[in-house]
Amino acid sequence: MRAVRNGGVPGRIRVLAAVSVVGLALLFGALAFGTASAREGLRVVGHDEGPQVVASASLYLSLSDMDAQVADVLLMGNGYDAQRAAALKRYEQRRAEVGDTLLRARGLAEGDAPAIRTITSVLAGLGRYERLAAQALLLNEQAGHQPGPPPRAVLDRYREASDVMQKVLLPQAYNLTLENATTVRHTHERERTSIRVTVVAVVVIGAGAVGCLVWLQVYLARRFRRVFGPALLVATALTALSALSGAAVLNGQATTLDTAKRDGFDSVLVLARARAIANSMHADQSRFLLDPERADTYQHTYLDKSQALMYVDAPNLGAYQDKVAGTSRYLGLLGTELAERPSPEVVTAYQGFQQADRAMRALPAVAAVAERMGGVRTGFEGYDTSLVRLSDGHRAVYTRAVADGDGALDGLWRVLPFGIVAIGAAVVAGVRPRLKEYR
């Protein structure tokens with residue numbers, strides 16, 4: 001204020017211009033902060049941890065399918081030549097997928113010590129599983145048994161392999177998914193809140209900067225008895241446009257981040273887990289026929305996994321399958337997802353898969369194996385295909401939302417710095433001629 005009193009009109013003009021420039025700097029800073037929050041959210045959800053979670057969910061599916069293919073080969077014995085060859089080929093494909101997924105997850109986990117330890121442990125357990133599975137497959141080939149339960153030596157080796165898969169590898173793969181999903185969720189919530197707060201700050205600061213410029217113009221017009229200067233009018237218009245455009249882009253980023261997380265990432269993750277659980281259920285059907293001593297256990301685990309996917313209150317598998325056939329409203333992992341985003345195709349396919357399972361369990365051993373390789377397999381493939389189609393749609397939403405968010409931020413920062421410089425130059429151009437009159 002002393003500068004204003006001592007400087008008279010020039011001092012007042014300089015103070016008003018300085019306040020306007022400070023307002024512009026604050027506006028630029030707020031937009032920069034909001035953009036940084038948006039980029040961090042997109043980085044975690046769309047580029048780093050998010051893809052790592054999806055990769056680790058795919059790891060769970062590939063691991064469970066490896067064990068399912070081994071169980072199928074052992075169950076087929078010396079029959080079903082074409083299907084046995086296809087199962088062995090798929091086992092090798094899944095092995096390759098697991099290796100690629102672990103390498104990708106290892107690269108994405110750079111600097112994350114717990115994740116790296118988990119991946120290293122999975123690799124060690126995978127080596128042990130592969131050795132035991134290879135021994136079981138070799139003993140099975142040497143035995144040349146008829147379709148159905150294999151000799152005891154084969155079964156013992158497979159039990160060891162399956163225990164490694166079920167008790168070590170799959171829990172670790174799930175923990176890897178869970179840890180990274182927690183990071184994605186926390187980052188999404190933090191950055192979304194930060195963006196929303198920044199939008200309010202941008203509007204308030206922008207309004208203040210526009211108010212300062214208007215005040216400066218009114219003062220100059222009254223003091224010098226002239227109409228408003230074109231340069232300051234341009235500066236005012238550009239400031240208002242920058243604030244509104246920046247707020248709109250940031251608000252859009254919050255929406256985009258929600259879309260990528262909730263409608264894309266979350267659904268892709270749920271459906272990946274649903275596919276993995278269903279694949280493990282399909283393997284339990286083979287294990288039910290492969291290992292009569294553990295048949296009750298495998299039937300119970302099949303029911304537990306079914307309830308985890310689509311829950312209805314039922315005391316046993318038969319009652320569950322009765323209720324599943326008569327309703328389209330479920331709880332559970334997949335039931336909750338379909339309640340929010342309905343897919344009659346998935347529900348119908350799941351009901352068909354359960355009915356095929358019921359038909360298989362009612363048959364004698366040899367006929368049950370044939371049904372497992374025929375109608376049950378067809379039912380499972382139809383159900384799995386419906387999940388893949390649904391997941392592909394959500395994956396497209398996820399990819400598009402992340403790309404849109406990146407594009408909007410890049411567009412804002414291609415324009416905003418030049419806009420702020422242009423506004424500052426316009427303020428100087430509008431004030432300088434008036435100050436010259438006092439020299």
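Trainee: Before we start, what should I keep in mind about the model?

Mentor: The model is predicted, so local features need pLDDT of at least 70 and side-chain atom pairs count only at pLDDT 80 or more, while totals for chains, interfaces and linings use all residues. Residues are numbered from 1 along each chain as its sequence is written, and side-chain values use heavy atoms, with hydrogens and water left out.

Trainee: How many helices and strands does the protein have?

Mentor: Helices (H or I, at least four residues) and strands (E, at least two) are DSSP runs, numbered from the N terminus. Here there are 11 helices and 0 strands.

Trainee: And what share of the residues is buried?

Mentor: Buried means under 20% relative accessible area, exposed over 50%, and partly exposed in between, with a 1.4 Å probe and protein chains only. Of the 439 residues, 50% are buried. Contact means heavy atoms within 4.5 Å. Among contacts with a separation of 6 or more, 81% join residues 24 or more positions apart.

Trainee: Which residues have the most contacts inside the largest nonpolar core?

Mentor: A nonpolar core is a set of buried Ala, Val, Leu, Ile, Met, Phe, Trp, Tyr and Cys residues joined through side-chain atoms within 4.5 Å. The largest one has 75 residues, and Leu63, Tyr129, Leu309, Met310, Tyr320, Leu334 and Tyr383 have the most contacts inside it. H2 gives the most to this core, with 11 residues. Leaving aside neighbours within four places in sequence, Tyr383 is in contact with residues including Ala274, Leu309, Leu334 and Phe353. Apart from this core lies another, of 32 residues, among them Ala30, Val54, Ala254 and Ala401.

Trainee: Is Ala87 buried or exposed?

Mentor: Ala87 counts as buried because its relative accessible area is 4%. This residue lies in helix H3 (residues 81-108) and touches Gln69, Val73 and Met76, not counting residues up to four places away in sequence.

Trainee: Where does His145 lie?

Mentor: His145 is in the loop between helix H4 (113-143) and H5, and counts as buried because its relative accessibility is 10%. A polar atom of the His145 side chain lies 3.2 Å from the backbone oxygen of Leu74. Beyond its neighbours within four places in sequence, His145 has contacts that include Leu75, Asn78, Asn140 and Pro151.

Trainee: How do I read a pocket?

Mentor: Rolling a probe the size of a water molecule over the atoms shows where empty space is left. On a 1 Å grid over the protein atoms alone, a cavity is a set of points where a 1.4 Å probe fits but cannot get out, and a pocket is an open set with protein on both sides within 12 Å along at least five of seven lines; lining residues have an atom within 4 Å of a point.

Trainee: Which residues lie nearest the centre of the largest pocket?

Mentor: Tyr60, Leu170, Tyr174, Ile277 and Lys305 do, out of 14 lining residues. Helices H2 (49-76), H5 (152-224), H6 (230-290) and H7 (295-309) are the elements that give two or more residues to this lining.

Trainee: Which elements each supply at least two residues of the lining of the second largest pocket?

Mentor: H5 and H6 do. Its lining includes Tyr174, Arg185, Lys261, Asp266 and Arg273.

Notes:
Polar contact = N/O pair within 3.5 Å; in protein donor to acceptor, adjacent residues only side chain to side chain.
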